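Biologist: I'm new to this one, so please pick a single part, look at it closely, and then lead me on from there to the rest.

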Amino acid sequence: MSTDVLDTAVLRSEFRLFRREPGGIFWVMLFPTVLLAILGSIPSFREADPGLGGLRPVDAYVPVAVLLGLIVGGLQGMPPTLTGYRESGILRRMSTTPVRPSALLTAQMVVFGAAALLSALVALAVGRLAFRVALPEQPLGYLLALLLALLASLALGAVLSAVSRTTKIATAVGSTTLFPAMFTAGVWLPVEAMPDLLADIVGWTPFGAAARALNEAAAGDWPGALHLAVLAGWTVLLTAAASRWFRWE
Amino acid sequence: MSVIDVTDLRKSYGGRAAVDGVSFTVEEGEIFGILGPNGAGKTTTVECVEGLRVPDAGRVRVTGLDPVADHEEVTRVLGAQLQQSELQPKLTVREALELYTSFYPRPADWRPLAERLGLTGKLTTRFGKLSGGQKQRLFIALALIGNPRIVVLDELTTGLDPRARRDTWELIEDVRAGGVTVLLVTHFMEEAQRLCDRIAVIDKGRVAALDTPSGLIRRSAGATVISFTPSAPLDDADLNTLPQLASVQHKDGRITLSGTDETVNAVITLLARSRVTAHQLRVTDATLDDAFLDLTEATA
């Protein structure tokens with residue numbers, strides 16, 4: 001019994017349900033690392049590139065893979081699930097019990113957040129073991145940037161779920177948002193390899209700022225205050241938008 | 001002692017009044033029915049009682065609590081089965097029962113409840129694989145799982161086969177025998193007549209009548225129905241002057257009249273005076289169905 005926004009029984013139940021979604025597990029937890037492994041197996045991706053400041057492309061793709069898991073989880077995984085819970089009256093049914101439906105929202109965020117962090121660990125481990133990519137040299141700064149990016153992604157997912165009336169719309173909106181998010185995170189072209197002007201513009205987007213912060217921490221520096229501030233700003237803004245627009249029924 | 005008090009409840013959607021001044025009181029331990037045609041405002045009314053909707057005006061109290069302001073306390077004493085809702089498709093019946101059990105301070109044991117509702121064989125089945133009737137029975141179990149003082153059942157037996165429907169009625173009678181107050185929304189006359197102590201007939205957002213089932217039947221214009229096959233034709237003029245007559249129908253030589261006990265006596269006198277024999281004479285009470293149609297038409 002609980003009246004908090006976090007209910008352990010609801011959380012356990014949502015974890016169990018997530019484990020029953022092979023599609024969700026693949027796209028959030030494995031796909032980013034599979035992509036990293038495919039790119040890493042191309043010989044030229046394992047050669048130092050002066051355009052990347054001497055890094056190998058595979059080095060630059062580890063932070064991208066790390067971000068990819070949380071982007072997919074937040075934008076493609078969570079919104080249809082949450083909107084479906086609202087559309088089919090699951091949130092409403094829960095409103096008639098002493099537990100608030102917000103417990104389901106929190107549980108969803110924790111589940112996708114945990115899956116995204118696990119996905120990041122898998123990407124780092126495979127990068128290290130298979131391609132000898134150095135682990136982040138500034139681990140605390142890396143973790144901070146990663147957590148902020150995760151919060152921004154979950155908040156953006158909550159906004160998408162809030163503005164989508166049906167599961168179908170949530171899926172469509174999520175997939176549409178996914179591509180710009182992936183682009184800014186550097187999936188097609190790592191942010192370091194982007195022309196300066198583009199990199200500056202991308203740096204103002206949540207995942208562009210996250211990519212730059214992660215790169216800095218990977219190289220051993222504390223992530224730039226501007227990038228962290230951009231991430232934190234987006235998180236605050238998106239959370240405010242989600243709590244303003246989210247409807248329980 | 002009253003456990004639900006609704007006074008002059010009003011709720012509009014987009015300028016259209018769904019509930020337009022509804023008042024009723026439900027006493028502890030009774031089965032109170034809300035009956036009405038589709039779109040009459042039944043569900044909106046009970047959703048205000050459940051605290052799922054905020055009334056535009058009027059007052060709703062559940063055991064003295066405001067379902068909106070004191071929502072959490074109300075959820076502990078009031079169990080609800082909603083007209084339309086789902087659960088996570090991959091959640092099993094057992095997991096759903098255990099999860100909802102964990103929400104309440106003093107829950108019922110879900111095992112006998114599942115047994116009683118015929119769900120024991122379905123405990124490992126996922127919600128998405130259940131039939132409509134099985135889902136319905138699971139929702140009835142979830143409404144009762146918190147050991148509520150009041151249970152609100154909206155379209156209780158919709159989707160159930162006749163057998164499951166009768167079993168469910170027995171369950172509801174048992175629940176009431178255990179001291180639980182039942183607020184039942186239905187459009188099944190048989191269900192209302194069998195279960196309810198009192199019924200509020202709601203039509204176009206207003207209470208058209210509030211009485212016991214037999215009281216409602218007595219009130220209707222054609223509370224008694226007399227039918228017979230006369231041995232010789234009767235004069236329509238004579239029939240039409242019968243006291244308290246509500247309607248006359250001729251079909252295949254058979255005459256069906258509705259009215260009151262007074263009409264019955266007058267028909268018998270008329271038959272005797274006309275020296276006509278009434279074959280297969282039947283006098284029956286009108287059903288709640290007739291009363292319902294009468295009441296909801298009167299306000300049309």
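Modeller: Let's start with residues 225–246 of chain A, a span that is 95% helix and 0% strand, with its end C-alpha atoms 31 Å apart. Helices (H or I, at least four residues) and strands (E, at least two) are DSSP runs, numbered from the N terminus. Keep in mind that this is a predicted model, in which local features need pLDDT of at least 70 and side-chain atom pairs count only at pLDDT 80 or more, while totals for chains, interfaces and linings use all residues. Residues are numbered from 1 along each chain as its sequence is written, and chains are lettered from A and ligands numbered from 1 in the order in which they are written.

The span is one of those that UniProt, in an unreviewed entry, labels "transmembrane region"; the record also lists 25–45, 60–82, 103–127, 139–162 and 169–189 of chain A. UniProt positions follow the numbering used here, feature names are shortened, and annotations may be inferred rather than shown by experiment. Over residues 169–189 of chain A, the chain is 81% helix and 0% strand, and the end C-alpha atoms are 29 Å apart.

How does chain A meet chain B? Through 16 residues of chain A in contact with 21 of chain B, where contact puts C-beta atoms, placed from the backbone, within 7 Å. On the chain A side, helix H1 (8–19) and helix H4 (90–95) each give two or more residues, and H4(A) has the largest share, four residues. That side has six nonpolar, seven polar and three charged residues. Here Ala, Val, Leu, Ile, Met, Phe, Trp, Tyr, Cys and Pro count as nonpolar, Asp, Glu, Lys and Arg as charged, and the others, Gly among them, as polar.

The largest nonpolar core has 159 residues, and those with the most contacts inside it include A:Leu67, A:Ala210 and B:Leu184. A core is a set of buried Ala, Val, Leu, Ile, Met, Phe, Trp, Tyr and Cys residues joined through C-beta atoms within 7 Å; a residue is buried if 20 or more other C-beta atoms lie within 10 Å of its own, exposed if 12 or fewer, and partly exposed in between. Helix H3 (residues 57–87) of chain A gives the most to this core, 16 residues.

Now over to chain B, with eleven helices and 13 strands; 43% of its 300 residues are buried. Setting aside neighbours within four places in sequence, B:Leu184 has contacts that include B:Ile31, B:Phe32, B:Leu153 and B:Cys196. One open sheet in chain B has six strands with mixed pairing, in the order S5-S6-S7-S3-S8-S9; strands pair if DSSP finds at least two bridges between them. Strand S5 (78–81) and strand S9 (206–211) of chain B are at the edges with a single partner strand each, so one side of each has no neighbour in the sheet. Inside it, S6 (150–154) and S7 (181–186) of chain B run parallel over five bridges, with B:Val152 opposite B:Leu183. Helix H6 (residues 162–177) of chain B packs on this sheet, its direction making about 150° with that of S7(B). Axes are lines fitted to C-alpha atoms, for helices over the stretch in contact, and angles run from 0 to 180 degrees between N-to-C directions.

Chain B also has an open antiparallel sheet of four strands, S11-S12-S10-S13. Helix H10 (residues 261–274) of chain B lies across S10, S12 and S13, at about 15° to S10(B).

Key: Two residues are in contact if their C-beta atoms, placed from the backbone, lie within 7 Å.
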